[in-house]
Structure formats: structure tokens, C-alpha cells
Amino acid sequence: MSNEVEIVRNADKCLVYRDTLPVQGLTWRQMVAWWQAHHMPDAEDPEAADALYRRLYRSLDSLPEQTVLRTYCARCAEPDGFDLPALIPQVYLHYDPYTRKSSGHSGALHRERMDFLLLAPDRSRIVIEVDGAHHYGTKNPVGPDGRTMYTASPRLYSEMVAEDRRLRLAGYEIYRFGGWELTRPNSPQLISDFFTELLTRHKKPTS
């Protein structure tokens with residue numbers, strides 16, 4: 001309620017950005033400056049940027065999510081790339097494991113985190129989600145061939161789209177990728193084309 005964050009365990013594994021967010025979004029340059037100030041005060045920009053990228057990359061444990069971050073951040077190495085909006089992975093909306101384990105938990109906190117958050121120059125808050133089969137299906141026992149299959153779950157799908165509605169009403173713009181499409185040979189180009197269109201749409205207003 002008061003925008004206070006209390007980390008009760010594993011604080012050393014969490015990054016907490018407490019600086020004032022600029023009105024025109026959050027750029028990679030500003031993220032690197034924050035990282036330098038709090039974690040690498042003696043480092044030059046390229047060294048700090050590389051360390052921050054590696055730290056963010058380690059937070060991802062799926063190949064599709066890694067492909068999204070790797071493809072987007074390749075733009076940051078281009079001329080003026082530091083002034084692109086930062087693509088921030090694994091951003092928590094809320095996380096309360098104690099409430100979740102409680103027998104009286106109502107099930108209200110379905111989505112604890114966003115896969116990626118981008119704060120655009122036009123003040124848009126953009127959420128990018130990468131959906132694996134577990135987002136909309138229940139896991140079946142491992143088959144004789146060693147493969148794990150899922151059965152589509154209307155309940156899980158309904159919970160997912162209900163949370164999308166809530167986020168949209170809270171002012172977020174949401175885009176979803178299927179995990180399967182991000183494992184194809186053309187996935188880097190697909191992601192690159194998507195971000196080209198997205199960044200063009202969300203440019204800083206000229207007046």
C-alpha cells in the first residue's frame with residue numbers, strides 16, 4: 001500500500017531500484033549509471049554495462065526469455081543504443097510467499113512478476129510476457145519416451161487473461177509471445193522486428 005518493499009530472504013539476489021523514475025521512462029544509460037553508483041563506482045561505462053547485462057541475463061532460466069533479452073540488448077551496443085529504453089527482466093509486482101502458503105489464501109495474487117518491463121519515452125508502461133506451456137496447461141506424468149506433455153487448462157487460461165485485464169486497467173500495455181515461436185531459427189529476427197515497431201510506436205513526443 002505504501003510502496004515499501006521488504007525482502008525477508010535472499011536480499012543479495014534481488015536488485016531494488018529506488019531512484020526517482022524519470023518522466024520520460026527509464027533508459028539503458030540511466031540503468032547503467034544506477035548500477036555504477038550502487039555496485040561498481042570505479043568502473044567505466046562499458047565495463048559496468050557488461051556487468052549489469054550479465055547480472056540481468058542470469059535472472060532468466062528459459063531459452064525463449066534469454067533470446068528476447070539478448071536480441072534486444074544487442075541494440076544497446078549500436079550508436080545511441082544507451083539511450084534506448086531499458087528492458088528489465090523479472091520485475092515483481094508483488095511477492096508474498098507467506099500469504100501464498102497460508103491455508104486462508106484467496107488466490108488473488110496470480111501473477112507475481114512480469115517477464116519484462118519497458119518504461120517507454122512516451123510514458124507508456126509496457127509488459128512483455130513469454131508463455132510456456134505451464135502458463136495455460138497442467139503437466140502430465142512423464143511419458144515412456146521421457147517427454148513431458150501438458151493438458152490445456154481453461155482455469156489457468158482464465159486466470160492469465162483476468163490478470164491481463166487487471167494490468168491493462170492499471171495502465172500497462174501487454175504483449176505476449178508463445179515460448180514455441182521463440183525457439184524457431186527465425187526467432188531473433190521476429191523479436192528484432194517486433195521491437196523496431198514497438199519503439200517506433202512509443203517514441204518521445206515531439207511537443
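Predicted model: local features only at pLDDT ≥ 70, side-chain atom pairs only at ≥ 80, totals over all residues.
Residues are numbered from 1 along each chain as its sequence is written, and side-chain values use heavy atoms, with hydrogens and water left out.

The secondary structure of the chain comes to 6 helices and 6 strands, taken as DSSP runs (H or I, at least four residues, for helices; E, at least two, for strands) numbered from the N terminus. Read from the N terminus, the order of elements is α-α-α-β-α-β-β-β-β-α-β-α. Of the 207 residues, 37% count as buried, where buried means under 20% relative accessible area, exposed over 50% and partly exposed in between, with a 1.4 Å probe and protein chains only. Among contacts (heavy atoms within 4.5 Å) with a separation of 6 or more, 55% join residues 24 or more positions apart.

The axes of helix 1 (residues 28-39) and helix 2 come within 9 Å and cross at roughly 95 degrees; axes are lines fitted to C-alpha atoms, for helices over the stretch in contact, and angles run from 0 to 180 degrees between N-to-C directions. Helix 1 and helix 2 are therefore roughly perpendicular to each other, given that angles under 35 degrees count as roughly parallel, over 145 as roughly antiparallel, 65 to 115 as roughly perpendicular and the rest as oblique. On the helix 1 side, Trp 28, Met 31, Val 32, Trp 35 and Gln 36 take part, meeting residues of helix 2 that include Asp 45, Ala 48, Leu 52 and Arg 55. This contact has 10 nonpolar, 1 polar and 2 charged residues; Ala, Val, Leu, Ile, Met, Phe, Trp, Tyr, Cys and Pro count as nonpolar, Asp, Glu, Lys and Arg as charged, and the others, Gly among them, as polar.

Helix 2 (residues 45-57) also packs on helix 3 (residues 63-73), at an angle of about 160 degrees and with the axes 10 Å apart. That makes helix 2 roughly antiparallel to helix 3. Tyr 53, Leu 56 and Tyr 57 of helix 2 make the contact with Gln 66, Leu 69, Arg 70 and Cys 73 of helix 3, a set that divides into 5 nonpolar, 1 polar and 1 charged.

Helix 3 itself is mostly covered, with 9 of its 11 residues buried. Its buried residues pack against helix 2, strand 1 (87-92), strand 2 (113-119), strand 3 (125-131) and helix 6 (187-201). At the start of helix 3, the backbone nitrogen of Glu 65 has a side-chain oxygen of Ser 62 within 3.3 Å.

Returning to the opening pair, the axes of helix 3 and helix 6 cross at roughly 60 degrees and come within 9 Å. Thr 67, Val 68, Thr 71 and Tyr 72 of helix 3 face Ser 187, Pro 188, Ile 191, Ser 192, Phe 195 and Leu 199 of helix 6 in this contact, which has 6 nonpolar, 4 polar and no charged residues.

Methods
Polar contact = N/O pair within 3.5 Å; in protein donor to acceptor, adjacent residues only side chain to side chain.
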